[in-house]
Amino acid sequence: MAVLGITGTKAFADTVSPAGWTMNLPVAVVLPGGLYFADTGYYMNRQSGIGRVDAEVNLPTLVWSTPWDFLGGHVEAIAAVPELSVGDHTAGVSDTSFYNAAALIGEVWNLGSGWSVSEFAGAFFPVNTDVGQLGIGGNFWTFTDLAGIAYNTTDGWSLGANFTLGISGNNASYGYQTQPDTIDVDFSAVKHIDKWELGLVGNASTDISNTVGNDYGNYRYSQVALGGLVGYTFGSVTAEVFATRSVLANNQAPLSLGGPDTRVWGRIIIPLWNPPAPAAPVVAKY
């Protein structure tokens with residue numbers, strides 16, 4: 001969620017790549033050539049006896065399925081410009097801002113028999129939007145590797161898992177690394193029935209390095225969340241609603257309210273443009 005905060009000597013940080021945002025996205029499926037818009041957003045609520053924090057995150061994303069193949073795979077590119085609105089009702093502060101935008105390029109390989117894999121590389125770009133205890137966004141680069149695997153059956157099941165590695169550099173506002181390196185995995189098992197889709201989704205994430213962002217390892221962040229999904233396709237447009245609940249939560253930001261949370265998600269996927277099909281060859285008659 002790209003939230004960083006420092007209170008006294010205690011610091012905490014969520015992953016720059018928002019946990020769960022690629023659940024049931026066809027990252028590892030070869031898309032027909034063209035340009036696609038996928039907007040994923042969620043409302044998060046976390047509370048305890050001492051207060052409440054809630055947030056709305058929106059991730060408008062463009063995916064370009066290029067005309068090119070390379071090394072047996074199909075070349076695709078992804079760009080996202082996330083925004084976040086968050087309120088810490090314990091601290092009495094809130095703010096709304098765009099945060100670290102992302103751009104990745106990679107390939108998807110169709111392995112046959114329903115299996116496919118993908119590999120994307122790129123970065124989340126620095127943005128200097130630190131605001132008090134919330135620290136929305138971060139003034140640092142985060143190298144990002146996004147890999148996926150998918151299995152689609154002939155009877156309508158779609159299984160997928162997407163893995164994200166984030167390696168962050170120094171925060172230019174402070175001159176040292178504030179964001180820990182992280183790993184995320186988003187997964188889904190969805191059944192397609194005519195125009196409907198029903199299934200299970202989940203995600204997990206964890207810090208894999210020690211920085212000021214997790215008090216040099218004293219407050220390493222980790223979480224696992226599970227939930228369900230329902231979707232429907234209207235013509236060429238797909239709409240989905242899903243909800244997740246933490247089943248494991250360690251040191252989620254803000255630290256004073258770092259327990260389980262509930263997230264209600266919505267997504268819409270719209271094909272913006274597809275190249276026209278090649279004209280049928282003219283067959284001369286003699």
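**Figure 1. Lining of the largest pocket, by residue class.** The lining of the largest pocket comprises 22 nonpolar, twelve polar and three charged residues. The model shown here, as in every view below, is predicted. The largest pocket holds about 760 Å³ of space. Its lining counts 37 residues, and those closest to the pocket centre are Asn24, Leu25, Pro26, Leu31 and Ile269. Several strands contribute. Those giving two or more residues to this lining are β3 (34-48), β4 (51-70), β5 (73-80), β10 (142-152), β11 (157-168), β12, β15 (237-250) and β16 (262-273). β11 gives the most, with five residues.

**Figure 2. The largest cavity, about 60 Å³ in volume.** The structure holds three cavities of 30 Å³ or more. Rolling a probe the size of a water molecule over the atoms shows where such empty space is left. Ala19, Asn203, Gln223, Ala225, Thr244, Ser246, Gln252, Asp261, Arg263 and Trp265 line the largest cavity. The class count is three nonpolar, five polar and two charged residues.

**Figure 3. The second largest cavity, with about 50 Å³ of space.** The lining consists of Val16, Ser17, Phe124, Thr142, Thr144, Thr164, Leu165, Gly166, Thr182 and Asp184. Strands β10, β11 and β12 each give two or more residues to this lining. β11 gives the most, with three residues. Six of the lining residues are polar, three are nonpolar and one is charged.

Figure 4. Arg46 and Asp261 form a salt bridge, with their closest N and O atoms 2.7 Å apart. The pair links distant parts of the chain. Arg46 sits in strand β3, while Asp261 sits in the loop between β15 and β16, 215 residues apart. Both Arg46 and Asp261 are buried. Arg263 joins them: Arg46, Asp261 and Arg263 are linked in a network of salt bridges.

**Figure 5. The Arg267–Glu240 salt bridge.** The structure holds four salt bridges. In this one, the side chains of Arg267 and Glu240 meet at 2.9 Å, N to O. Arg267 lies in strand β16 and Glu240 in strand β15, so the pair ties together parts that are 27 residues apart in sequence. Arg267 is buried, as is Glu240.

**Figure 6. The Asp54–Arg52 salt bridge.** Asp54 pairs with Arg52 in a salt bridge, and the closest N and O atoms are 3.4 Å apart. The two partners fall into separate burial classes. Asp54 is buried, because its relative accessible area is 12%, under the 20% limit. Arg52 is partly exposed, with a relative accessible area of 30%.

**Figure 7. A nonpolar surface patch of about 530 Å².** Ile193, Trp196, Leu198, Val230, Val241 and Val264 make up this patch. Ile193 belongs to strand β12 (residues 182-193). Ile193 is partly exposed, with a relative accessible area of 46%. That value clears the cut-off for patch residues, which is over 30% relative accessible area.

Key
Residues are numbered from 1 along each chain as its sequence is written. This is a predicted model: local features need pLDDT of at least 70, side-chain atom pairs count only at pLDDT 80 or more; totals for chains, interfaces and linings use all residues. Side-chain values use heavy atoms; hydrogens and water are left out. Patches are made of residues with over 30% relative accessible area and no salt bridge: like charges are joined within 9 Å, nonpolar side chains (Val, Leu, Ile, Met, Phe, Trp, Tyr) within 5 Å. Accessible areas come from the Shrake-Rupley method with a 1.4 Å probe; for residues, only the protein chains shown count as cover. Helices (H or I, at least four residues) and strands (E, at least two) are DSSP runs, numbered from the N terminus. Buried means under 20% relative accessible area, exposed over 50%, partly exposed in between (1.4 Å probe, protein chains only). On a 1 Å grid over the protein atoms alone, a cavity is a set of points where a 1.4 Å probe fits but cannot get out, and a pocket is an open set with protein on both sides within 12 Å along at least five of seven lines; lining residues have an atom within 4 Å of a point. Grid points are joined across faces, edges and corners, and a volume is the space filled by probe spheres set on the points. Ala, Val, Leu, Ile, Met, Phe, Trp, Tyr, Cys and Pro count as nonpolar, Asp, Glu, Lys and Arg as charged, and the others, Gly among them, as polar.
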